[in-house]
Amino acid sequence: MTPMSPVGRLAATVDRLSREVRAAQAEAEGRALIELAKGILVARLGCGPAQAARQLAELAEQSQVTPLEFAVDVINQAARDRVSEVTDAFLAATAAVRNADTAEGPDGPDGGEAGAGSAAVRLRAAESGALAAGDTQSVADALLEQALRPLGAVAVAIWAAGYDGSLTLAGSAGFSAAEASRWRYVPPDVTTVARCGLTERAGQWITSLAETGLPSVGRHQYPDGGRVAVPAGTGGRIHGVLEIAWPAPLAPQPPQVVRQVEALAELCAHTLESYVPSQAAGQEPRVVPDAVELMDLADGLYDPALVLVPHLDADGHLADFRIQHVNKSFLDPAGRPRAVVGGALLLEAYPMAAGESELFQNVERVYATGEPFRARRLNLTALVDQVPLSAVADISVSRHGNAVLLIWRIEDETARLASLLQHAQRLGRIGGFEENLLTGEITWNGQLFDLYGRPQSSTPVPLERLAAHAHPDDAVAIGRFLRTLLHHRRSASAAFRLQRPDGVTRHVRVVAEPVLDTDDRLLVVRGAYQDISAQHWTEVALAATRDQLAHTEQQAIERARLTLQLQHAIMPPAQTPLKVPDLQVAVRYRPAETEQLVGGDWYDAVMLPNGLVLLCVGDVAGHGIEAATSMVVLRNALRGLAVTGAGPGQLLSWLNIVVHHLTGGVTATAVCGLYDPARRTLRWARAGHLPPVLVRDTQAGPLPLVKGMLLGAVAEASYEEAEVQLAAEDTLLMYTDGLIERRDRSVEESLAQLLSTARPAPSTLDQHLDRLLTYSRSDTDDDTCLVGIRVG
C-alpha cells in the first residue's frame with residue numbers, strides 16, 4: 001500500500017474535521033428541536049423537564065421513529081404553520097402512493113412516510129438554523145445544507161427587493177465568492193431569473209437555464225442546470241426572492257416539493273424584513289421615508305395624491321389599504337370632501353377599484369414588489385359606481401418604505417379636445433375664421449395667419465376683399481362663392497390661388513356657412529381655409545403619370561403586335577405538308593397565350609437537294625422581339641448549312657458557332673434530324689434539348705440520349721449522333737418544352753404524362769398532333785412547336 005503524502009494526509013484531516021463539524025451542527029440543531037418539543041410537553045402535561053424527556057423517548061419508541069422525528073411531529077401539531085402544511089402534503093402524497101400500490105415501496109423525492117418525516121425534520125432544522133443565524137448569509141448556508149441539498153440543489157441565493165425595484169444579493173451559498181460579488185446589486189428593470197420570480201406570484205420553475213437565455217448568478221458554474229425563483233413575502237408584501245440552482249435540468253416537481261420551497265421562501269421573508277443593505281462606496285444613501293414623511297411629500301404636490309398604508313386581516317394577510325392621508329390638491333371623482341375619503345379603506349371609498357380598472361390590483365402589486373406603476377387615461381368614473389362625472393387621469397403608484405403613494409393627474413377634457421382640434425388643423429393645414437357682418441369684426445386663428453403669410457398682429461382680410469388676394473383668373477370662381485354665401489345665404493366652397501405678400505402662391509380651398517338670426521337675417525359667416533397645394537401638385541403629377549403610362553402601354557401593345565406578326569410571318573401556326581413517298585410530315589405551332597411572352601420557339605421540316613428530309617425544333621432563351629429575331633437567324637442559318645450535306649452533329653456544331661459569335665450572347669436548345677426515305681432511317685443529334693419520342697404499336701418512349709450541350713454556351717462544341725431504324729406505322733415526335741412544362745412537377749413527371757397521351761395513335765398524323773396539343777397539361781404559357789413524321 002502506497003504511503004500517503006503529507007499533503008494528502010492534511011487533506012484527509014481537513015475532510016474528517018469538516019464532517020465532524022457538520023455532524024455537530026446537525027446534532028446541535030436536533031437538540032434544539034428536541035428541547036422545544038420538551039417545552040411543549042411540559043406545558044401540555046404539566047410535568048417537569050425530566051418527566052417530559054422520558055415521555056418523549058417512550059412515545060418515540062412506541063411510534064418506531066427517532067426522538068428527533070417525534071419531536072418535529074410534536075412541534076408541527078402545536079404550531080400548525082406552513083411547515084406543518086408541507087408535512088401534511090407529504091403524508092397525503094405517500095399515503096396515496098401506498099394505497100395505489102403497496103408493493104412498490106417508498107415514492108416521491110423523500111420516499112414514503114420516512115420521507116415525509118425527513119422533510120419535516122429538514123424544514124424544522126432549516127428554520128432553527130435560520131432563527132439562530134446572525135445574518136442573511138448564515139440563513140442561506142442553513143437552507144442549503146439542511147433543506148435543499150437533499151432535494152439535489154447545489155446553490156441558493158437570497159435576494160432583497162428594494163423599494164425602487166432593485167435587487168440586492170443578501171446572502172448566497174454554493175456560488176463562488178467572485179460570482180456573488182459580481183451579482184451583489186441588480187438595478188431596476190433588468191430582467192433576470194430572480195426578477196421573473198419577483199413579478200410572478202407563483203414563481204419561476206425553469207427546466208434548464210440555457211433554454212431561457214436569462215442572466216442569473218452562477219450561470220457559468222451551472223449553465224444547463226434548473227432554476228427556481230420564488231417570491232419571499234409576508235403580510236401581502238414581497239421582501240425579496242429565494243433562488244435555487246440545480247446542476248442538471250430540473251424535472252417537474254410534485255406539489256409537496258413546491259410547497260416545501262414556498263415554505264423556505266416564507267422563512268426567508270421573515271429574515272429579509274429586518275435586512276438593511278450595506279452601503280457601497282460612492283453610492284448615495286437610500287432614504288426610505290415612513291408614512292409621516294410621505295404625507296409631507298404628498299402635500300407639496302400640485303396633483304391629487306393619496307397616502308396608503310397596508311391593512312391586514314386577522315391572519316396577517318393583506319386585505320386592503322387604509323387611506324392614511326389625502327393632500328390639499330385632492331379632487332374626488334364623486335365630488336366628496338377630503339374628510340370623507342381620508343381614513344377610509346381604499347375598497348370602501350372606491351369599491352370599483354378592484355373591477356375593470358384593476359387599480360387595487362396594481363396598488364397591491366406595487367406594494368408587494370416595489371416596482372412603480374404608471375397608466376395613462378384611466379377612467380376615474382370606474383372607481384365609484386353611479387357617478388355622472390366624466391373624468392380621466394394619468395395614474396402613478398409608487399412604494400416608499402411601508403407606505404404607497406397614489407397620484408392621479410386629472411385631465412381637462414375641454415382643453416384636451418381643443419388641443420386635438422388644434423393639432424388636426426395644423427396637420428390638415430386648416431385655418432378657421434369668423435366674420436360678423438353687422439359689426440365688421442373678423443376673427444382668425446393662428447393657422448390662418450400662417451396660411452396667408454401675414455403676421456398675427458396684422459388686420460384679417462374680409463371676404464369682400466378676397467379677390468384682391470387671389471390670382472386674377474380665379475375672380476369668377478370667388479364671385480360665385482360670395483354670391484352663394486352672402487346673397488343666397490347657403491353654404492359654399494371655392495378653390496383659388498392665394499397670392500401671399502412674400503410672393504408665394506398657394507392653392508387654397510375655402511368653405512363657409514352663414515349664421516342667421518331669428519328673423520332670418522344674416523349675422524355671421526363662419527368657415528375655414530385649407531391649403532391644398534400638395535394635393536393640387538399631386539393631382540398634376542398623377543395626370544402626367546397617367547398620360548405617360550398610357551403612352552407606354554400603347555408602345556408595349558404595338559411592340560407585342562409587331563413581334564407576333566413577325567413570328568407568325570416566319571413561323572406560321574400550320575405549314576403546307578411535305579410530299580414525300582411513304583412518309584407523312586406534319587407540324588404544329590401554338591403561340592404563347594400571353595402576348596408579352598412571345599418567345600423564340602421554332603421548327604422546320606424541309607426536303608433537301610440530296611433527297612433527305614431535314615427535321616428540327618429549337619427554343620431560344622428569353623421572350624420578346626430579341627428572342628424572335630434570334631430564332632429567325634437560327635432557323636435560316638440551319639437551312640443554309642443543311643444544303644452542304646453534313647450530318648446533324650456537324651450542323652449543330654456549325655450552328656453553335658453562329659449562336660456564339662453572331663447573336664450577342666443568346667443561348668438556345670435544338671434537336672436536329674435527317675430522315676432518309678429510301679432506308680427509313682433517322683440520324684439525329686441534340687443540343688441540350690429533350691430527345692424525340694418514338695411511338696411504335698402501343699408503346700411510346702424517348703430515344704436514347706446522345707451528348708450535346710446547348711447552343712452558344714462555348715465557342716466550339718461537338719455533338720454526338722445516333723441513328724434509329726423506323727418501321728411502317730412508326731410515329732416520331734419532336735417538340736419544345738412548352739408542350740410539357742409545369743410549375744408544380746419535374747420534367748420527368750411531365751414527360752411521363754406526354755408518353756401516356758402519345759401511346760394511342762389516331763388514324764392520321766394530324767389528329768395525333770392535335771390530340772397532343774389538346775391534352776397538354778403545360779401551365780407556363782410558353783410557345784409550343786411540334787413536328788411529327790409517320791412512316792407509310
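Residues are classed by relative accessible area as buried (under 20%), exposed (over 50%) or partly exposed (in between), computed with a 1.4 Å probe on protein chains only. The structure is a predicted model, in which local features need pLDDT of at least 70 and side-chain atom pairs count only at pLDDT 80 or more, whereas totals for chains, interfaces and linings use all residues. Residues are numbered from 1 along each chain as its sequence is written, and side-chain values use heavy atoms, with hydrogens and water left out.

The protein chain contains 22 helices and 26 strands, taken as DSSP runs numbered from the N terminus (helices, H or I, at least four residues; strands, E, at least two). Of its 792 residues, 44% are buried. Contact denotes heavy atoms within 4.5 Å. Of the contacts between residues at least 6 apart in sequence, 60% join residues at least 24 apart.

Two loop residues other than glycine have positive phi values. Glu729, in the loop between strand 24 (721–725) and strand 25 (731–735), has phi near 75°. With a relative accessible area of 55%, Glu729 is exposed. Arg489, in the loop between helix 17 (475–487) and strand 14 (492–499), has phi near 55°. Arg489 is partly exposed, its relative accessible area being 33%.

Helix 19 (residues 625–642) packs with helix 20 (residues 648–662) at an angle of about 140°, and their axes lie 10 Å apart. Helix 19 is therefore oblique to helix 20; angles under 35 degrees count as roughly parallel, over 145 as roughly antiparallel, 65 to 115 as roughly perpendicular and the rest as oblique. Axes are lines fitted to C-alpha atoms, for helices over the stretch in contact, with angles from 0 to 180 degrees between N-to-C directions. The crossing of the two helices is right-handed, the near helix being turned clockwise from the far one by less than a right angle. From helix 19, Val633, Leu634, Ala637, Leu638, Leu641 and Ala642 meet Leu651, Trp654, Leu655, Val658 and Val659 of helix 20.

The largest nonpolar core comprises 29 residues, and Trp602, Leu652 and Leu711 have the most contacts inside it. Such a core is a set of buried Ala, Val, Leu, Ile, Met, Phe, Trp, Tyr and Cys residues joined through side-chain atoms within 4.5 Å. Two or more residues each are given to this core by strand 19 (613–623), helix 19, helix 20, strand 20 (668–676) and strand 21 (681–687). Helix 19 supplies the largest share, seven residues. A second, separate core of 28 residues includes Leu148, Val230, Leu242 and Trp246.
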